[in-house]
Amino acid sequence: MCGITACAAPAENDVLDTLVAGLRNLEYRGYDSSGVAVRNGEGVTVVKREGEIDALADALGAVSPNGAVGVGHTRWSTHGAPTDENAHPHTDCSGEVSVVHNGIVENYTALRGELIELGHTFTSETDTEVVPHLVEMYRERGLSTEDAFRKAIGRLEGRFAVAMVVDDEDDVFAARDGSPLVLGVGEDRRFLASDVPSFLEHTDRVAFLEDGDVVRISADHHEITDLAGNPVDRTVQTVDWQPEDAQRGGFDHYMLKEINEQPAALDRAIKGRITDDGDVHLEDFPPGTFEDVGVVHLLACGTSYHAALYAQQILADRGIPAQVFSAGEYTTTPAPVTDDTLVVAVTQSGETADTLTSIRIAAERGARTLAVTNVIGSTAARDCDDALFIRAGPEIGVAATKTFSSQVAVLALLAERIAEDVTGSVDPDREALLSALQDLPEHVQETLNTSTAEALAPQFVGRDEQFFIGRGVGYPVALEAALKFKEITYEHAEGFAAGELKHGPLALVTSDSTVFAVFTGRHDEKTLKNVEEVRSRGAPVVAIAAESAHEVAEAADEFLAIPETHPVAAGLLANVQLQLVSYRVADLLGRSIDKPRNLAKSVTVE
Ligand code: AGP
């Protein structure tokens with residue numbers, strides 16, 4: 001939620017375009033308002049606007065603040081409505097100090113009261129505005145800007161990443177505690193941002209800052225210290241992402257691009273992780289790593305929660321007890337943890353606040369923790385005992401697509417590793433599953449090439465509701481498909497375990513509903529009965545099943561075919577078809593597909 005960016009370039013350069021481009025690459029983190037503060041010889045100019053970044057770009061056209069140093073922000077509102085006044089950057093009374101912030105200052109009410117009593121005037125309803133006023137206060141008391149910044153940061157409670165420019169300093173000052181912040185080291189300039197894609201077109205050399213870090217950047221220098229001013233060492237590493245990864249390419253939307261990237265993403269997810277003799281080889285997890293595991297707890301939110309449910313099914317198939325928890329619930333009602341509990345946090349971004357808190361709770365209770373994530377250097381990757389990366393590449397569309405597929409593929413491999421370690425044997429089904437995972441990139445490509453989702457989509461527009469049903473791994477696919485549908489079309493959609501319909505939801509099924517039924521090749525005969533139940537209530541059924549499933553095709557009104565494969569892989573292929581259905585319907589409805597209303601990619605508040 002919220003994206004911050006900053007750039008320090010050599011004098012005589014103008015960073016305005018860099019900041020705006022950097023914000024566009026972070027817009028997935030929030031799009032209620034945006035703004036920049038640019039410093040030049042005459043001071044700091046702030047321009048900010050309610051709405052998407054195009055509104056800011058229009059406003060900048062009229063003002064054009066030029067300067068070599070600046071900060072920028074794109075907002076997902078927490079405190080205060082999405083207005084020009086509440087947009088970042090926020091300034092002090094004098095207008096000399098400008099601050100952008102991602103996170104929540106929990107003690108802002110007390111700080112604001114204290115500052116108002118001292119004569120400070122506030123112009124927004126945000127928690128952030130206390131920061132520039134605190135800096136102002138400490139500067140007025142004679143502290144250097146850096147010391148005033150440290151002192152101000154030390155007063156904040158909550159989660160934050162902040163960046164600041166002031167009128168009489170060439171450097172950008174920043175700090176993090178709980179919200180992400182990455183340093184980019186370019187050839188002749190330095191960057192700070194909530195996420196790497198912000199500056200990826202300028203540099204792939206990055207250092208992931210950690211909680212408690214304070215950083216100061218100029219064009220050719222950076223200095224990272226702790227709050228007390230002691231130097232800390234953060235390795236500058238090269239990320240394996242290309243600038244094109246963070247661009248739309250020739251596609252109309254990031255979501256469509258990312259759906260189409262799934263073959264390549266899946267290839268990366270499994271590459272080198274299945275040996276020629278059919279073993280699972282997970283870098284840091286050699287055979288035996290999990291032999292002491294008695295039970296697995298999977299913690300996640302949203303789409304990642306559905307990937308976790310998928311993994312639970314795979315583990316259950318192998319006889320490993322596993323429970324899935326919505327991370328937000330786990331933070332209030334944590335499950336009992338025993339010595340042999342392995343907690344697996346599934347999170348694409350590695351920054352979801354509910355998931356991070358649930359990891360902390362699990363660790364406090366003595367559980368061994370493992371993050372399955374897409375982002376190297378993310379908080380989840382650092383907070384967990386171990387991390388396993390899904391290697392999907394940057395995902396910009398708010399609706400998660402390729403990361404779901406990659407999560408499932410990697411979790412399937414992890415499940416095999418755990419099962420072998422715990423049981424001391426290899427399940428007879430493993431060979432077939434691993435071979436299906438290896439075929440997945442090709443099978444997904446075939447599904448993309450042959451899908452008739454676009455042609456069918458018009459008939460799903462304007463229905464009363466859409467239901468998605470499935471069993472086994474088809475159930476998390478049904479949930480995921482319904483989430484995707486409601487998220488980007490704004491139409492009512494629900495997912496159910498196929499057998500559950502008759503226990504209540506069937507009352508809602510009419511000829512104005514569409515029912516999408518997922519068939520994975522396992523227990524299809526039962527799902528066919530459920531199809532009959534809804535068809536007899538007049539609802540048209542769209543079946544997603546293997547091309548050879550003639551009985552299914554005959555029972556349904558419409559059919560979306562997937563290649564023949566193992567049931568675990570079949571669920572993923574069905575999901576690809578349903579991603580395309582949601583995308584096409586949302587497109588016909590003219591929705592804001594990459595930035596659906598009220599949502600943000602990375603939910604960094606609880
Ligand atoms: C779904 O399309 C969403 N983007 C959302 O549900 C997401 O999966 C959830 O917020 C969890 O995010 P994470 O994987 O980054 O933790």
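**Notebook: strand pairs, sheets and helix packing**

Entry 1. I began at Val206, whose bridge partner in S14 is Gln237. I note here that the model is predicted. The pairing of S11 (residues 205-208) with strand S14 (residues 237-238) is antiparallel and comprises two bridges. I then asked which strand pairs with S11 over three bridges. The answer is strand S9 (residues 182-185), and the sense is again antiparallel. Within that pair I found Val182 opposite Phe208 of S11.

Entry 2. I next looked up the sheet that contains S15. It is an open sheet of five strands with parallel pairing, and I recorded the order as S16-S15-S17-S18-S19. Which strands stand at its edges? They are strand S16 (322-326) and strand S19 (386-389), each of which pairs on one side only. On average, neighbouring strands of this sheet are turned by 20° against each other, direction ignored.

Entry 3. Strand S15 (residues 295-300) and strand S17 (residues 341-347) run parallel and are joined by six bridges. Ala300 has Val346 of S17 as its bridge partner. I then turned to the helices on this sheet. Helix H8 (residues 302-317) packs on the sheet and touches S15, S16 and S17. The direction of H8 makes about 170° with that of S16. Helix H10 (residues 353-364) lies across S15, S17 and strand S18 (368-373). I recorded about 170° for H10 relative to S17.

Entry 4. I moved on to the sheet that contains S22. Five strands form this open sheet, with parallel pairing, in the order S21-S20-S22-S23-S24. Why is one side of S21 and of S24 left without a neighbour in the sheet? Strand S21 (493-497) and strand S24 (558-562) are at the edges and have a single partner strand each, so one side of each has no neighbour in the sheet. From one strand to the next, the twist averages 20°.

Entry 5. I examined the pairing of strand S22 (residues 513-518) with strand S23 (residues 541-546). The two run parallel and share four bridges. Phe516 stands opposite Val542 of S23. Helix H15 (residues 474-489) packs on this sheet, where it touches strand S20 (465-470), S21 and S22. I noted about 175° between the direction of H15 and that of S21. Helix H18 (residues 567-588) lies across S20, S22, S23 and S24. H18 runs at about 130° to S24.

Entry 6. I then looked up a pair of helices. The description of two packed helices rests on the angle between their axes and the distance between the axes. Helix H3 (residues 108-117) packs with helix H4 (residues 130-140) at about 45°, and their axes are 10 Å apart. Because an angle between 35 and 65 degrees is neither roughly parallel nor roughly perpendicular, H3 and H4 are oblique to each other. The crossing of H3 past H4 is left-handed. I listed the contact residues: from H3 they are Tyr108, Leu111, Arg112, Glu114 and Leu115, and from H4 they are Val130, His133, Leu134 and Met137. Sorted by class, this contact has six nonpolar residues, one polar and two charged.

Entry 7. I asked which residues of helix H1 (residues 16-24) are buried. They are Leu16, Thr18, Leu19, Val20, Gly22 and Leu23. The strands are S1 (3-8), S2 (33-40), S4 (69-75) and S10 (190-193), and the helix is H2 (53-63).

Entry 8. Most peptide bonds are trans, and most residues other than glycine have a negative phi. The peptide bond from His88 to Pro89 is cis, with omega near 0°. Pro89 belongs to the loop between S4 and strand S5 (90-91). Arg391, which is not a glycine, has a positive phi near 55°. I located Arg391 in the loop between S19 and helix H12 (402-423). Is Arg391 buried or partly exposed? Its relative accessible area is 28%, so Arg391 counts as partly exposed. His523, also not a glycine, has a positive phi of about 60°. I found His523 in the loop between S22 and helix H16 (524-535). The relative accessibility of His523 is 45%, so this residue counts as partly exposed.

How values were computed: Residues are numbered from 1 along each chain as its sequence is written. This is a predicted model: local features need pLDDT of at least 70, side-chain atom pairs count only at pLDDT 80 or more; totals for chains, interfaces and linings use all residues. Side-chain values use heavy atoms; hydrogens and water are left out. Axes are lines fitted to C-alpha atoms, for helices over the stretch in contact, and angles run from 0 to 180 degrees between N-to-C directions. Angles under 35 degrees count as roughly parallel, over 145 as roughly antiparallel, 65 to 115 as roughly perpendicular and the rest as oblique. A crossing is left-handed if the near helix is turned anticlockwise from the far one by less than a right angle, and right-handed if clockwise. Contact means heavy atoms within 4.5 Å. Ala, Val, Leu, Ile, Met, Phe, Trp, Tyr, Cys and Pro count as nonpolar, Asp, Glu, Lys and Arg as charged, and the others, Gly among them, as polar. Two strands pair if DSSP finds at least two bridges between them. Buried means under 20% relative accessible area, exposed over 50%, partly exposed in between (1.4 Å probe, protein chains only).
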